[in-house]
Amino acid sequence: MTINDNADYPLYANKSTQADVKLMPDTDSTDDVSSVLEEILPSFHMHNDVFYKTILDNSNENEEDDDANLPEYTSDVETMIEGNDSNDREIGDPINNPSLILLNNVDKLPRVNVNVSIKVVLTKKQPRIGELPEKESPLVEYGPGDKVTGYVLVKSNNKEPVRFESFHVSLEGVVKVPKIQADSTKKILSYPFLIMHDLNASYHEGHIPMTAYGEDRVLQADPTDNSLIGFKNRTIVPNLTHKKFFTFRLPYNLLDTTCPDNISEHLNLLPSYGLDEEISRLIEVNRNVDPALKYRRFENLPDSPILVNDLAPNGQSISYFIKVQIVGRTSIVKKVKAQIPKDVSSRYSIFNVKKCYLRVKASREGLTNNLINAMSDGAIINSYRTCEQIAYFEEYVIKSLQRLKTRAQLITAGIKDKVKQDEYIASLESDETKKAKHLNKTTNLNQNIIRCNNHYYLNHDKVEISKDIFGRSGGSIYIKASMPSDSHINSIKSHLLHGKSENRPIMNRNYSLPLSHTTSNSTLALSSVRSSPNFNELADQDVQFIELDLQYRGKLGRFELPSSININSVIKAVNVSSVNCIPFNIDGEFLMDDQLHAHVLPSLRANFKTYGDEVDMLRDRKVLVGKELRNSIEAIKNLTIVETPVSKVEFSPEVVDLTKEWRYEEETKCYKASIRVPLELNSKLLRRSSVHLLPTFESCLVSQFYLVYFTLSIKKSKKYITFKFPIKVV
């Protein structure tokens, strides 16, 4: 679990019993007080109490609690402890057994209603005691380096104080992908990729005055709403409201441990994407966005995410949220007269969990030039093409499986000493003849076909022109198409969604109301939205181009050179996903393969399904197979690539006059023409589109790329050619 406290600052151990506070100036702010970002350096005791508390811990149990009346907590861990008393300390150590850490088990704990409510409020800047904070718009999009600030309100409606064990405030990012199981049911898998804890907002025994918040003492009253700042002795006071401030700073990149294969493209901060399955289950059937606003809010679900048409498949999502969770001992429930479910045997229970969703946009700000260049080339730092990475990895899998099979045979033969097994396996691998026999045939990825040079993606094809009604013979026209590898279009979104640092004068409008809830002046409101200068997404679009090299060979007899060529286009979003971390990155050349969906992908999945079956057989024979190898095989076995047309986002059709472009080349005895066709997005269609075109992004589990399909047709020819090229959205 990745733990960064106070945004992207690391944890440090401090030998003192109280934590120190280090002031970090925020260069992005002009406010002297709120510009201070304080880094808490926790003491060893604080760090263990906040992050390393285990499900077996009973150090904070009240003296008046009768241990005999506590529900018995049964688990495999306690069974292990009872069976081997000599290892009690080692088994209960959270470092050796992270599965014991309370934070790692929160999602597995039972929920008990103790009548404690939680409210999360996002603010424009760091809140302060005695100052009424300005709430942040739900339409804001946070970017890398932006501060996420706000406060948490906790209120108990019980007559008795409620004592808790753990109170955590965190900012988390989670990827969710669907998996089709053997019985054809769909299961949603959840993978957290970012977890940041605010030590000041989370509860710990020490009190740390924070300069930015104007905080002075525990349970100090905030005159703006009469709430109490913080908690004392892990207790929620009856019929009063407690308040905790929080501040996070979004990182520019994710930690190296996020990607098990250390692929640089998988370490960028991801954009919000799709709709979290937790929210999707609660909303009504109609999930269409408002065509004018280009987004939708769910008024009946406070703190829910904004819905946009970003072309995410059902079940896939990338979500960010502020998470507040209160965990307490199950025995406390009796004191507040709450009902304990019959099946609860856990020592701990969840008193309440609250999520407040926020939108995050992707950005490349802060990345090094080398990394940007590597991302532009669609390759990892060592510049291996995707097809080469897959070939190398498949060879590694085959060799690894052969070693494991040999080891299984040696165990069956009675050779159980691991050193002797390693020596025998090494001797086999040193024999090139035997090693060649062990390798199976790998997937054919057409590595010899080069579709990209240093600066251009390349494509070519041929069109036959038949004899016309006037007796003129036809011919063959060869077309070589190329498009710069750095071709791009700007992302497209509702102008009402804005960045944290952007000033929007139109923000005075109440965007919480859907368009259908406006007054009789709704036509005027719609007109004003569409006529806003910010609505024109084409204003900053760069002009792209495609280059065509034509070569015409006429048949014997009288012929006529083609006079024009028509060019139409369709842009498609390419979703790449799997249920485990994909062990390679995707480049544009791989997506350009004409056989990708018909042959390459099915063949790749079939081969790795075979490898997965071999792994299962080895495990049945009690052979230890590494988790990383199993997960990587599972990832490729379940690799999916889905192309979705981007509605009403395309380049304007072009008709190119060729009559003045043809030149006869004596050496090759053919006519040639070279043209550069400028490409501009069709503004008329774009204004009617409700698509939220996200920037291109890539991660271990979910990625979204874009392809532009060009259809070329020659006048007087009934045939046409289709070329596809990768295009980035930035």
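**Reading helices and strands**

Analyst: The crossing of H7 and H13 is left-handed. Keep in mind that this is a predicted model.

User: How are two packed helices described?

Analyst: Two packed helices are described by the angle between their axes and the distance between the axes. Here, the axes of H7 and helix H13 (residues 627-637) come within 12 Å. They cross at roughly 130 degrees. H7 and H13 are therefore oblique to each other.

User: Which residues of H7 and H13 meet?

Analyst: From H7, look at Phe393, Tyr396, Val397, Ser400 and Leu404. They meet Leu629, Ser632, Ile633 and Ile636 in H13. By class, the contact of H7 with H13 has seven nonpolar, two polar and no charged residues.

User: How do the axes of H7 and H8 cross?

Analyst: The axes of helix H7 (residues 386-412) and helix H8 (residues 418-430) come within 10 Å and cross at roughly 130 degrees. That angle makes H7 oblique to H8. H7 passes H8 in a right-handed crossing.

User: What meets what between H7 and H8?

Analyst: H7 brings Arg403, Thr406, Arg407, Leu410 and Ile411. H8 brings Lys418, Gln421, Asp422, Tyr424, Ile425, Leu428 and Glu429. By class, this contact of H7 with H8 has five nonpolar, two polar and five charged residues.

User: How many salt bridges does the structure hold?

Analyst: The structure holds 26 salt bridges. One case lies in H7. There, the side chains of glutamate 395 and lysine 399 meet in a salt bridge, 3.2 Å from N to O.

User: Why are glutamate 395 and lysine 399 separated by about one helical turn?

Analyst: Because they are four residues apart in helix H7.

User: Now the sheet. How do strands pair?

Analyst: Strands of a sheet pair through backbone hydrogen bonds, either parallel or antiparallel. In this model, an open sheet of five strands has the order S17-S18-S21-S26-S25. Its pairing is antiparallel.

User: Which are the edge strands?

Analyst: Strand S17 (456-465) and strand S25 (663-665). Each pairs on one side only. From one strand to the next, the twist averages 25 degrees.

User: How many bridges join S18 to S21?

Analyst: Eight bridges join strand S18 (residues 475-484) to strand S21 (residues 544-554). The two strands run antiparallel.

User: Which residue in S21 is the bridge partner of alanine 481?

Analyst: Leucine 548 is the partner. Find that pair in the view, then follow the strands on either side.

How values were computed:
Residues are numbered from 1 along each chain as its sequence is written. This is a predicted model: local features need pLDDT of at least 70, side-chain atom pairs count only at pLDDT 80 or more; totals for chains, interfaces and linings use all residues. Side-chain values use heavy atoms; hydrogens and water are left out. Axes are lines fitted to C-alpha atoms, for helices over the stretch in contact, and angles run from 0 to 180 degrees between N-to-C directions. Angles under 35 degrees count as roughly parallel, over 145 as roughly antiparallel, 65 to 115 as roughly perpendicular and the rest as oblique. A crossing is left-handed if the near helix is turned anticlockwise from the far one by less than a right angle, and right-handed if clockwise. Contact means heavy atoms within 4.5 Å. Ala, Val, Leu, Ile, Met, Phe, Trp, Tyr, Cys and Pro count as nonpolar, Asp, Glu, Lys and Arg as charged, and the others, Gly among them, as polar. Two strands pair if DSSP finds at least two bridges between them. A salt bridge is a side-chain nitrogen of Lys or Arg within 4 Å of a carboxyl oxygen of Asp or Glu.
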